[in-house]
Amino acid sequence: MSDDSFIREVNEEIRSERAKALWDRFGPILIGAAVLIVLGTAAFVGYRYWDSSRANRSGDAFSQALTLANDGKQDEALTALSTLEKDGYGAYPLLARMRAATVKADKGDFAGAVKDFDDVAADGSIPASIRDIARLRAGLLLVDHGSFADVSSRVEALTADTSPLRHTARETLGLSAWKEGKSKDALKLFEQIAADEGAPGNARQRASMMADLIRGSGNAS
């Protein structure tokens, strides 16, 4: 045997022993890591399926409740929405609360609808944007079923220049003021809408018409 052959055999033996030593030391760790990866992946896929299934069931239940409401079966719709509010998943319980208030208003239960919207607006666990929408919805109902003070207490804060709901809030408050004989206050609000280039075109048009009506009545001084 040549010296080169002997040296190669020795090197191979050393590498083999080192590889065995490394496997003895780190092999169980590598196997454990692989098992954890497989289990983690399986758990993630399982959770996604479970999450999707729950969301789909709640979505179907919400759709069925909407169908009942649209078909005029309001009591049945309220029962379905109440169940969804308690047992629904994701955003559907909140959607059920909001929709139930609307169904109550459609039934003529305006006090109940306003209370439901007020409850949503007062719930600190709900995103601020949704709470503001609930305040606005209550205010809209109170234009015809409450006083200017009732409407103002809910929507006045939403009329600020920085509020994304300012156009509708100003229109709501303006209508309530006009209905209660506060023509000067109403005119100011409608003029704000008409002059706001960020307001939707139809809102500006309605505001201009209302402003002209108030000026023509001679009660804006």
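1. Helix 7 is followed by G181, whose phi is positive, near 85°. Helices here are DSSP runs of H or I with at least four residues, numbered from the N terminus. The model is a predicted one, in which local features need pLDDT of at least 70 and side-chain atom pairs count only at pLDDT 80 or more, while totals for chains, interfaces and linings use all residues. Residues are numbered from 1 along each chain as its sequence is written, and side-chain values use heavy atoms, with hydrogens and water left out.

2. Helix 7 covers residues 166–179, 14 residues in total. From its first C-alpha to its last it reaches 20 Å, close to the 20 Å expected at 1.5 Å a residue; the expected span is 1.5 Å times one less than the number of residues.

3. Ten of the 14 residues of helix 7 are buried, and the helix is mostly covered. Buried denotes under 20% relative accessible area, exposed over 50%, and partly exposed in between (1.4 Å probe, protein chains only). Among the buried residues are R166, H167, R170, E171 and L173. The buried residues of helix 7 pack against helix 5 (128–145), helix 6 (148–155), helix 8 (183–195) and helix 9 (201–217), contact meaning heavy atoms within 4.5 Å.

4. The structure holds 13 salt bridges, each defined as a side-chain nitrogen of Lys or Arg within 4 Å of a carboxyl oxygen of Asp or Glu. Two residues of helix 7, R166 and R170, both buried, belong to a network of salt bridges that also links D161 and D196.

5. In another salt bridge, the side chains of E85 and R97 meet at 3.9 Å, N to O. This pair links distant parts of the chain, with E85 in helix 2 (residues 74–87) and R97 in helix 3 (residues 92–107), twelve residues apart. E85 counts as partly exposed, at 37% relative accessibility.

6. Helix 3 also takes part in a link to helix 4 (residues 110–122): K104 in helix 3 and D116 in helix 4 are twelve residues apart and join distant parts of the chain. D116 counts as buried at 17% relative accessibility, whereas K104 is partly exposed, with a relative accessible area of 24%.

7. D119 is partly exposed, with a relative accessible area of 33%.
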